[in-house]
Amino acid sequence: MFDAQDHRFMARALRLAAQGLFSTSPNPRVGCVLVKDGQIVGEGWHQKAGGLHAEVHALRAAGEAARGATAYVTLEPCSHFGRTPPCADALIQAGVARVVAAMEDPNPLVSGQGLARIGAAGIATAAGLLAEEARELNIGFIARMTRGRPWLRLKGAASLDGRTALANGVSQWITGPAARQDGHRWRARACAILTGSGTVLADDPQLTVRGVATERQPLRVVVDSHLVTPGNARILEGGGTLVVTACEDGAKARSLQDQGAEVLVLPGADGRVDLPGLLAELGRRGLNEVHGEGGARLHGALIAQGLADELLWYLAPCLIGGGGRGLLDWPDLESLEAAPHWRFHDLRQVGTDLRILARRA
């Protein structure tokens, strides 16, 4: 169905799409390559929400050369009017001869309709070329479209024996500079960074992207059941931080709002924040990927409630000992069969440290 040339040009389209890794939210990352007589005549990628889609960039670059060309697109062309007109119509009007999509769009407003519209116009269509690579690029968008909540990635840094800090709380720095810089790149691709009030009180983090070229800072979200976040916390600097609580304390809420924060009350049955409700709310707000940088208690609760999709663990080649603080805090298990199982998705060395990316088995 697909030949070597098809693979080559779709791989090029995927590399173009990846250039929008930090900027397209809440839209998917999409690349497009137009090919005629074995030569690229136009290409483009979606650069930011509200801007031109990848297909339109490619068509404008190709001009009249688009007629009779094959369009390689990493995601099915849209068929509905959003901020921009349908890309399916643009490809039809340009007179392309064939459209190859890496995968169908999971958005129910599109989902097969874009390719169907193109096919109805007499243009050859195909889908499924390098689909797994395309899914990886838009794993958060797919998660939000298919289940209504973002892809949740939890980041942790620990010693080889799984300790995140000394017994006295000192943790800077267990991992090396290369791992810390890599962590900022993962922050940059996320729509939001999630932490807990315990981390805010203990470390007073900014939780911003630093040292990575990006025009967009992720939303910062603090899970704070009892509204203990102080008004001078660095995570509130710049405004726009979302503080989620189970507490109806108007005075505390107003003090945070005076610092530019939004306070959202989402009480759960246990008197703490309703974590599934929070993830659903972030999905409604159009967030695709959420990057968790909380403490052992918050991360343990997210895993125990089946909300964490991926673990991003950095392990440093050092040993801290039994008195150190652990990665996760949750009730003891009574059997190994009850232990949640994960599968290794990617393992690599980053600087002097080991980076493990694991997903639910």
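**Close-up 1. The E1–E2 hairpin of the predicted model.** Strands E1 and E2 form a hairpin, with 2 residues between them. Aspartate 37 sits in the turn and has a positive phi of about 55 degrees. E1 covers residues 31-36 and E2 covers residues 39-45. The two strands pair in the antiparallel sense, over 6 bridges. Valine 33 stands opposite glutamate 43 of E2.

**Close-up 2. The open sheet of 5 strands.** The strand order is E2-E1-E3-E4-E5, and the pairing is mixed. E2 and E5 (124-127) are the edge strands, each pairing on one side only. On average, neighbouring strands of this sheet are turned by 15 degrees against each other, direction ignored. Strands of a sheet pair through backbone hydrogen bonds, either parallel or antiparallel.

**Close-up 3. The parallel pair E4 and E5.** Strand E4 (residues 98-101) runs parallel to E5, and 4 bridges join the two. Valine 99 stands opposite threonine 125 in E5. Helix H4 packs on the sheet here, touching E4 and E5. The direction of H4 makes about 155 degrees with that of E5.

**Close-up 4. Helix H1 on the strands.** H1 spans residues 4-17. This helix lies across E1, E2, E3 and E4. H1 runs at about 145 degrees to E1.

**Close-up 5. Helices H3 and H4 in contact.** Two packed helices are described by the angle between their axes and the distance between the axes. The axes of H3 (residues 87-94) and H4 (residues 113-120) come within 9 Å and cross at roughly 20 degrees. Angles under 35 degrees count as roughly parallel, so H3 is roughly parallel to H4. The crossing of H3 and H4 is right-handed. H3 contributes Ala88, Asp89, Leu91 and Ile92 to the contact, and H4 contributes Gly114, Arg117 and Ile118. By class, this contact of H3 with H4 has 4 nonpolar, 1 polar and 2 charged residues.

**Close-up 6. Residues listed by UniProt under "binding site".** An unreviewed UniProt entry lists His53, Cys78 and Cys87 for this feature. The listed residues span 35 residues in sequence, yet no two of their C-alpha atoms are more than 9.3 Å apart, so they gather at one spot. Histidine 53 is in the loop between E2 and helix H2 (54-62). Cysteine 78 lies in the loop between strand E3 (70-73) and H3.

Methods. Residues are numbered from 1 along each chain as its sequence is written. This is a predicted model: local features need pLDDT of at least 70, side-chain atom pairs count only at pLDDT 80 or more; totals for chains, interfaces and linings use all residues. Side-chain values use heavy atoms; hydrogens and water are left out. Two strands pair if DSSP finds at least two bridges between them. Axes are lines fitted to C-alpha atoms, for helices over the stretch in contact, and angles run from 0 to 180 degrees between N-to-C directions. Angles under 35 degrees count as roughly parallel, over 145 as roughly antiparallel, 65 to 115 as roughly perpendicular and the rest as oblique. A crossing is left-handed if the near helix is turned anticlockwise from the far one by less than a right angle, and right-handed if clockwise. Contact means heavy atoms within 4.5 Å. Ala, Val, Leu, Ile, Met, Phe, Trp, Tyr, Cys and Pro count as nonpolar, Asp, Glu, Lys and Arg as charged, and the others, Gly among them, as polar. UniProt positions are given in the numbering used here, feature names are shortened, and annotations may be inferred rather than shown by experiment.
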